[in-house]
Amino acid sequence: MRLTLKIWRQAGPTVAGRLVEYIEDHVSPDMSFLEMLDVVNEGLIKKGEDAIAFDSDCREGICGMCSLVVNGVPHGPDRGTTVCQLHMRRFKDGDTITIEPWRAAAFPVVKDLVVDRGAFDRIIAAGGYVSFNCGGAPDGNAIPIPKDIADVAMDSAACIGCGACVAACKNASAHLFMSAKISQLALLPQGQPERYRRVTAMVAQADAEGFGSCSNEGECEAVCPKEIPISNIARMTREYVKAALTASK
Amino acid sequence: MASRSGVFSSSVGTKIVIGITGFALFLYLLIHIAGNLMVFFGPAFFNRYAYVLESNPLLPLVELGLLAVFLIHVYKTLRMFLSNQDARPKAYAVKRPAGNPSRKTFASSTMIVSGLWLLVFIVIHVKAFRYGTEYEWPAGGRDLYRQEMENLSNPLMVAFYILSMTVVGSHLFHGIASAVQSLGLNHPKWTPRVLLAGKIVAALIAVGFMIIAAWVYMNQPGTGRVHV
């Protein structure tokens, strides 16, 4: 396959970037999207040019590191897929592909296609945890949890924190990410002691990081590689209201 | 822990305020169109209805409340729109809608445009009807029927009204369902129905107001226009 690639190149956080065009002649339809970029980089390195920086780790769709906007859609055209699991057979010979980093004030570009997602870590540090010591592993059936509740909590916990929801949202809102983390803990007994402190602190941190608000368009849900639904955002709103009504200080 | 005063200025609190005020304005529109439909029953019926409504001593209070709800909705959405712009200072070179199950539509992408249009429309509309030329109606109150006939006698004005009702429909097309989600209501069985019902009601309100404006224009007294 022969492809025309328009790739965002930016030498560092403070310098201006631009889309640079590359022609790649030897793309196999069996390559993953990231393998295709590896091939482009090999060519650049051979020519003595700077390789394109992009994030990746597990390359099997579970770590949440890869973060590319492919032709205007975070993680590319496939539903429920990270970009590392996107394969070149999804494209046609002669296609032009535009590749950009996540764009959000809270996700500053580090280099080329790599962004700093430390803002997500700080949101988690603000409350997305259970802080008491539970001792040894409890007996599996010691705390009964209804199957339907456990299922919803597990689906929320599938969030890999990749940030595609922010990248897709016209407001660069982190509401889907936050709501997934808040839901998984609010639904389970272990999350109860810090339940309301958590939602208030996480929302405050996300706002401080400069993420936008939510317009209920649901673009986040459509690009989420774990297909986390926006019903979590509605749950986060309910949690937030309960927290505001019951706050003791 | 955020202070209680900070609750409504957070990104989640802002959604709640916009959702509540938006939904209240939608409920008002339902009452508004129900009242307007009475114009089809002729001047006596329409003016009688208006008189009953206007002679209610609580009306000024309700009007103030409506104004407050409207101003809060406008203020909070404008503030939110501006801070959302700051959240993505650098736009994408290429950005495409992600498709199903996204609810993104032309209407949802243009809420700020339709909202600002309606802000201008409402100023013109309230000036013409609430503070326009008044005529007395012998049986009591003002002759609102005549006022409406005169306000909608100019074809340009009628065209502006019909266009603005398309904008109302567009705003509500996303707005009704969006308000429901903003208030934290989401149910596997009911939410899809609410989404659909919101779109249908939005279209009905827009078309209903358009029919009223067109009917008034076509039934001008003393112009020789045929009653339809």
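The dialogue below goes through several structural labels applied to chains A and B of a predicted model.

Biologist: Why is R103(A) called buried?

Modeller: Buried means under 20% relative accessible area, with exposed over 50% and partly exposed in between, for a 1.4 Å probe and protein chains only. R103(A) has 4% relative accessibility, so R103(A) counts as buried. R103(A) sits in the loop between β5 (96–100) and β6 (109–111) of chain A, where helices (H or I, at least four residues) and strands (E, at least two) are DSSP runs numbered from the N terminus.

Biologist: Which residues does R103(A) touch?

Modeller: Leaving out residues up to four places away in sequence, R103(A) touches W8(A), V109(A) and A172(A), and also R88(B), K90(B), A91(B) and Y92(B); contact here means heavy atoms within 4.5 Å.

Biologist: What is said of the phi of A172(A), and why does A172(A) count as buried?

Modeller: Phi of A172(A) is near 45°, a positive value in a residue other than glycine, and A172(A) is placed in the loop between α4 and α5 of chain A. With 0% relative accessibility, A172(A) therefore counts as buried. D112(A), in the loop between β6 and β7 (114–115) of chain A, also has a positive phi, of about 45°, although D112(A) is not a glycine. The relative accessible area of D112(A) is 1%, so D112(A) is buried.

Biologist: How do you know which peptide bond is cis, and where does P101(B) lie?

Modeller: The bond joining N100(B) and P101(B) is a cis peptide bond, with omega about 5°, and P101(B) belongs to the loop between α3 (59–87) and α4 (106–109) of chain B.

Biologist: What makes up the largest nonpolar core?

Modeller: A nonpolar core is a set of buried Ala, Val, Leu, Ile, Met, Phe, Trp, Tyr and Cys residues joined through side-chain atoms within 4.5 Å. The largest such core has 49 residues, and those with the most contacts inside it are F107(A), I123(A), V166(A), M178(A) and F211(A). Elements that each supply at least two residues of this core include α2 (118–127) and α5 (175–186) of chain A, together with α1 of chain B. I123(A) is also among the buried residues of α2(A), which pack against α4, α5 and α6 of chain A.

Biologist: How is the crossing of α1(B) and α8(B) described?

Modeller: The axes of α1 (residues 11–36) and α8 (residues 190–218) of chain B come within 11 Å and cross at roughly 35°; axes are lines fitted to C-alpha atoms, for helices over the stretch in contact, with angles from 0 to 180 degrees between N-to-C directions. A crossing is left-handed if the near helix is turned anticlockwise from the far one by less than a right angle, and right-handed if clockwise, and α1(B) passes α8(B) in a left-handed crossing. Among the residues that meet there are F26(B) and L30(B) in α1(B), and L204(B) and I212(B) in α8(B).

Note on methods
Residues are numbered from 1 along each chain as its sequence is written. Chains are lettered from A and ligands numbered from 1 in the order in which they are written. This is a predicted model: local features need pLDDT of at least 70, side-chain atom pairs count only at pLDDT 80 or more; totals for chains, interfaces and linings use all residues. Side-chain values use heavy atoms; hydrogens and water are left out.
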